[in-house]
Amino acid sequence: MMKLVEVIKTPMTSQKTFESLMDFSKALGKHPISCKDTPGFVVNHLLLPFLMNAIQLYERGDASKEDIDIGLKLGAGHPMGPFELLDYVGLDTIKFIIEGWHEMDPQNPYFQPSESLNKLVAEKKFGKKTGEGFYKYK
């Protein structure tokens with residue numbers, strides 16, 4: 001479904017292997033990008049702090065989740081807002097990633113535990129896959 005493939009090159013990855021993976025990805029009709037072995041690679045390294053910032057904005061009472069989602073869709077051209085995306089990815093998955101990153105970098109403000117995220121996950125409200133997360137689904 002996704003057109004993007006992140007090809008990760010570690011110090012142990014040979015140039016031949018790296019090039020083979022890039023070529024294989026292209027042969028599948030994908031668009032490969034390259035990244036060193038860093039937490040989250042490219043997409044999630046940028047995406048998770050963005051999503052956590054949206055949760056923090058909501059938890060502080062600065063804006064509703066609906067207004068945050070509408071703002072990003074209409075103001076930044078995003079196909080879905082951060083809370084819609086959180087529910088789509090799965091709140092349990094987001095919580096698992098953030099907990100791991102928090103262990104590695106406990107001072108990072110974007111990796112701090114979220115009360116609302118923890119509450120929803122404890123209630124088994126993981127998002128679209130369970131029918132409820134930040135939003136309710138039929």
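Analyst: The exposed residues Glu115, Lys119 and Ala122 sit on the face of helix H6 that is turned away from its buried side. The model is a predicted one, and helix H6, which spans residues 115–122, is the part taken up here.

The residues of H6 that are buried are Ser116, Leu117, Leu120 and Val121. Viewed down the axis of H6, these buried residues fall within an arc of 130°, so they line one face of the helix.

What does the buried side of H6 pack against? The partners of its buried residues are helix H2 (43–59) and helix H5 (91–104). These two partners are considered in turn.

For H2, the description rests on axis geometry. Two packed helices are described by the angle between their axes and the distance between the axes. The axes of H2 and H6 cross at roughly 100° and come within 9 Å. Angles of 65 to 115 degrees count as roughly perpendicular, and H2 and H6 are therefore roughly perpendicular to each other. On the H2 side the contact is made by Met52, Ile55 and Glu59, and on the H6 side by Glu115, Ser116 and Leu117. By class, this contact of H2 with H6 comprises three nonpolar residues, one polar residue and two charged residues.

Lys95 has its place in helix H5. Is Lys95 buried or exposed? Its relative accessibility is 18%, and because buried means under 20%, Lys95 counts as buried. When its neighbours within four places in sequence are left aside, Lys95 is in contact with Leu117, Asn118 and Val121.

Glu123 is located in the segment after H6, and with a relative accessible area of 33% it is partly exposed. Between Glu123 and Leu85 there are 38 residues of separation in sequence and 19 Å in space, C-alpha to C-alpha. Lys124 lies in the segment after H6 as well. Its phi is near 65°, a positive value in a residue other than glycine. At 57% relative accessibility, Lys124 counts as exposed.

A positive phi also occurs at Phe41, where the value is near 55° and the residue is again other than glycine. Phe41 has its place in the loop between strand S2 (31–36) and H2, the latter being one of the helices against which the buried residues of H6 pack. With 33% relative accessibility, Phe41 counts as partly exposed.

Helix H3 (residues 65–76) packs with helix H4 (residues 82–89) at an angle of about 100°, and their axes are 7 Å apart. That makes H3 roughly perpendicular to H4. In this contact, Lys65, Ile68, Asp69, Leu72 and Lys73 in H3 meet Pro82, Phe83 and Glu84 in H4. By class, the contact of H3 with H4 has four nonpolar, no polar and four charged residues.

The protein chain has six helices and two strands, which follow the pattern β-α-β-α-α-α-α-α along the sequence. The domain assignment gives domain 1 (4–36) and domain 2 (42–130), and the C-alpha centres of these domains lie 29 Å apart. Taken along the principal axes, the C-alpha atoms fill a box of roughly 50 × 30 × 30 Å. Of the 138 residues in the protein chain, 31% are buried. Among contacts between residues at least 6 apart in sequence, 62% join residues at least 24 apart.

Key: Residues are numbered from 1 along each chain as its sequence is written. This is a predicted model: local features need pLDDT of at least 70, side-chain atom pairs count only at pLDDT 80 or more; totals for chains, interfaces and linings use all residues. Side-chain values use heavy atoms; hydrogens and water are left out. Axes are lines fitted to C-alpha atoms, for helices over the stretch in contact, and angles run from 0 to 180 degrees between N-to-C directions. Helices (H or I, at least four residues) and strands (E, at least two) are DSSP runs, numbered from the N terminus. Angles under 35 degrees count as roughly parallel, over 145 as roughly antiparallel, 65 to 115 as roughly perpendicular and the rest as oblique. Contact means heavy atoms within 4.5 Å. Ala, Val, Leu, Ile, Met, Phe, Trp, Tyr, Cys and Pro count as nonpolar, Asp, Glu, Lys and Arg as charged, and the others, Gly among them, as polar. Buried means under 20% relative accessible area, exposed over 50%, partly exposed in between (1.4 Å probe, protein chains only). The arc is that of the directions from the helix axis to the C-beta atoms. Domain bounds come from an automatic or database domain assignment.
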